Amino acid sequence: MPLVLIEGPGIDPMRIDAAEGGALADLCDDVSAPIPFSCRSANCGTCRIVILEGEGELEEPDDEELDVLDVFGNAPPKFRLACSAKMRAGTGTLRLRPVTDDE
Ligand code: FES
């Protein structure tokens with residue numbers, strides 16, 4: 001089953017079982033994951049995340065996500081928006097953290 005691991009400075013490592021894949025935002029909401037959200041519609045960039053491992057577990061970003069990442073000088077596969085990214089169904093592991101202020 002897909003697994004999401006969330007870590008980062010000041011974050012107790014968190015594990016989310018993502019049985020069917022699906023929207024990363026929903027998976028985060030289900031466990032109150034420490035990923036900040038604001039607009040939830042690929043506009044603000046608040047939910048930018050760094051993919052540490054398993055970028056292939058996510059579906060390809062759409063144009064709106066790419067445009068917001070570009071505003072911040074970020075690009076996939078290293079950076080994604082948690083409000084837009086969707087997990088593929090499967091058995092892999094996605095490891096991520098929120099961006100830091102200097103990213
Ligand atoms: S919450 Fe605004 S871009 Fe994701």
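Helices here are DSSP runs of H or I with at least four residues, and strands are runs of E with at least two, numbered from the N terminus. The model on screen is predicted.

Start with the whole chain in cartoon view. Going from the N terminus, the order of elements is β-β-β-α-β-α-β-β-β, a total of 2 helices and 7 strands.

Keep the whole chain selected and show the C-alpha atoms. Along the principal axes they fill a box of roughly 35 × 30 × 20 Å. Of the contacts with a separation of 6 or more, 64% join residues 24 or more positions apart.

Next, select Val4, Ile6, Leu24, Ile35, Phe37, Leu94 and Leu96. In the largest nonpolar core, which has 28 residues, these touch the most other members. Now colour β1 (3–6), α1 (24–30), β4 (48–53), α2 (63–71), β5 (79–81) and β7 (93–98), the elements that each give two or more residues to this core. The largest share comes from α1, with 4 residues.

Zoom in on isoleucine 6. Leaving aside residues up to four places away in sequence, Ile6 touches Ile11, Asp12, Pro13, Met14, Ile16, Cys28, Ala33, Pro34, Ile35 and Leu96.

Finally, switch to the surface. The accessible surface of the chain is about 5,400 Å², and carbon and sulfur atoms account for 45% of it. Of the 103 residues, 43% count as buried. Colour the charged side chains: 9 are positive and 21 negative, and the centres of the two sets are 3 Å apart.

Technical notes
Residues numbered from 1 in each chain as written. Predicted model: local features only at pLDDT ≥ 70, side-chain atom pairs only at ≥ 80, totals over all residues. Heavy atoms only, no water. Core = buried A, V, L, I, M, F, W, Y, C linked by side-chain atoms within 4.5 Å. Buried < 20%, exposed > 50% of the residue type's maximum accessible area, 1.4 Å probe, protein only. Contact = heavy atoms within 4.5 Å. Areas by Shrake-Rupley, 256 points an atom, 1.4 Å probe, with all protein chains shown as cover. Lys, Arg positive; Asp, Glu negative; His and termini not counted. Charge placed at Lys NZ, Arg CZ, Asp CG, Glu CD.
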